[in-house]
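Hello,

Here is the structure I promised to hand over.

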Amino acid sequence: MHIIIVGAGKLGYLLAEFLSQKDNNVVMIDTNESKLERANNQFDILTYKANGAQIPVLEEFNVKNADLLIATTNNDDTNMLICSLAKKLGCKRVVARVRNPEYSGQIDELKKHMNIDYVANPELEMAKEIAAHLFKGQALNMEDFAKGKVSIINIRVHDSEGMKGNKIKDINIPKSVLIAAILRDGEIIIPNGDTMLEENDTLYLIGEKEAIGSLASNSYNVEKNILVKNAMILGGGKATYYLAKMLIRHGISVKIIERDKERCEYLAQELPGALIIYGDATDPYLLTEENISEVDALVSLTGYDEENLLMTLLARKYGVGKVIAKVSRTNYIPIIEQLGVNNAVNPVMITAGEIMRFIQGGRVVSLFLLLGGQAEVLELIAKENSKIIGKPLSELNLPKGIIIGSIVHKGKVIIPNGNSIISSGDRLIVFCLKSEVTALEKLFYKPKGGLLNELRNHYKGIRKSTSI
């Protein structure tokens, strides 16, 4: 595909990383030369220093024949304008990042009138993710697939009885659960039966939801059947606004602590059902005064990752049942695992996952990005013309980084082995390292031709960012 990304911030950078792994021609446009240089040095893409809202710039990079344009600048109006212009110039599909809550109630109308195919809102998506965690019965990072039949969780070895120092083949886990990967010292390991488990390992398990839930209940760091009746949110940004509205709508008492007085006034006006506290959310004395030990859940959504992580640890000390922290920097992932913070949400990762699912054009039912994008968990439906149909898994020669964790055949969850055969229409839950995504696509889908290599050849001389 020929893809144009306008905006070289965190989201644009992450999308460039994912999309450049495939057989795509990716062009990134931004006015910030240092950000472009960083992306240009890391990925096999073209970078161009310019204002992406200018028609000549879009025409310069053949937008009329582009398969996709993604606008991720810091300005919502600019993103919508870029997408509208690109679509009128002939671009097949356009994606705009729109974050302002004032637009959230009219997204459908904006998409219709401005001809935008998909609108991504990181704060709203993050709020949905957090709400889903809070409404679950256990304080554990669990994602559901196959209409709730299959789950994936991560647990730490030192929190689980009978795992440390044992080989995988010797530990007691349900037959309907598979250990798909291990995170060890920031690196992903694809294990086998002889892999020895170490104390600080984090395990990623895929399997039947009931079996996963049973296994999770035996993990020491999982609180059982926590019903959230009241929640404290630290920080009063856009994500807090969205999350508070969701929680209030479900009858949950919400208390928000925000250090900006003007923002407090805005929240008090827009969220009459919430209690707004003007103060420093990192002040332990204020948290004590506001009875942090009595809340069922604490969500730290300040603008600083370090503050959010520290507040998470403090809340654990006070015995708060469910604790969730926003962490924007993907290079903090290994630190988070070491701290034992299971519920850390990353708005950029969540949004990138949603956009990637849209790009797949419906071929991926759901997609969950893990470990700063080092791996993906995908829910795929096996098509009749794919290479995986009708053959035992042992004959598919799957790369080591692709693990078929579960097969849902006629409503029944199967943990596959080498003799398992996939049928057309089966739902597959697949763990895949980022480096093997292209190989996975070749197994599931027929290759598509017509890549616009002429663009890359034409602009070979623009490997470094240039100005216009």
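Which strand is the place of Leu428? Leu428 lies in strand β22, which covers residues 427-433. A caution before going further: this is a predicted model.

Leu428 is buried, with a relative accessible area of 0%. Leaving aside residues up to four places away in sequence, Leu428 touches Leu378, Glu379, Leu380, Ile388, Ser406, Ile407, Ile422 and Phe444. Take Leu378 from that list. Leu378 and Leu428 are 50 residues apart in sequence, yet their C-alpha atoms are 7.9 Å apart in space.

**The chain as a whole**

The protein chain has 468 residues, and 56% of them count as buried. It holds 16 helices and 22 strands. Take the contacts between residues at least 6 apart in sequence: 64% of these join residues at least 24 apart. The chain exposes about 20800 Å². Carbon and sulfur atoms supply 47% of that area.

**The parallel sheet**

Six strands form an open sheet with parallel pairing. Their order is β3-β2-β1-β4-β5-β6. The edges are β3 (46-49) and β6 (118-120), each pairing on one side only. Neighbouring strands are turned by 15° against each other on average, direction ignored.

Look next at β4 (residues 68-71) and β5 (residues 93-97). They run parallel and are joined by four bridges. Within this pair, Leu68 stands opposite Arg93 in β5.

Two helices to look at here:

- Helix α4 (residues 76-88) packs on the sheet and touches β1 (2-6), β4 and β5. Its direction makes about 175° with that of β5.
- Helix α14 (residues 347-359) also packs on the sheet, touching β4, β5 and β6. Its direction makes about 170° with that of β6.

**An enclosed helix**

Helix α1 spans residues 10-19. Nine of its ten residues are buried, so the helix is largely enclosed by the rest of the structure. Among the buried residues are Leu11, Tyr13, Leu14, Glu17 and Phe18.

**Cysteines**

How many disulfides are there? The count comes to zero. Cys91 is in no disulfide: the nearest cysteine sulfur, that of Cys83, is 8.2 Å away. The cut-off for a disulfide is a pair of cysteine sulfur atoms within 2.5 Å. Cys91 counts as buried because its relative accessibility is 3%, and buried means under 20%. Cys432 counts as buried too, at 0%.

Best wishes

Key: Residues numbered from 1 in each chain as written. Predicted model: local features only at pLDDT ≥ 70, side-chain atom pairs only at ≥ 80, totals over all residues. Heavy atoms only, no water. Buried < 20%, exposed > 50% of the residue type's maximum accessible area, 1.4 Å probe, protein only. Contact = heavy atoms within 4.5 Å. Areas by Shrake-Rupley, 256 points an atom, 1.4 Å probe, with all protein chains shown as cover. Pairing = 2+ DSSP bridges. Axes fitted to C-alpha atoms, helices over the stretch in contact; angles between N-to-C directions.
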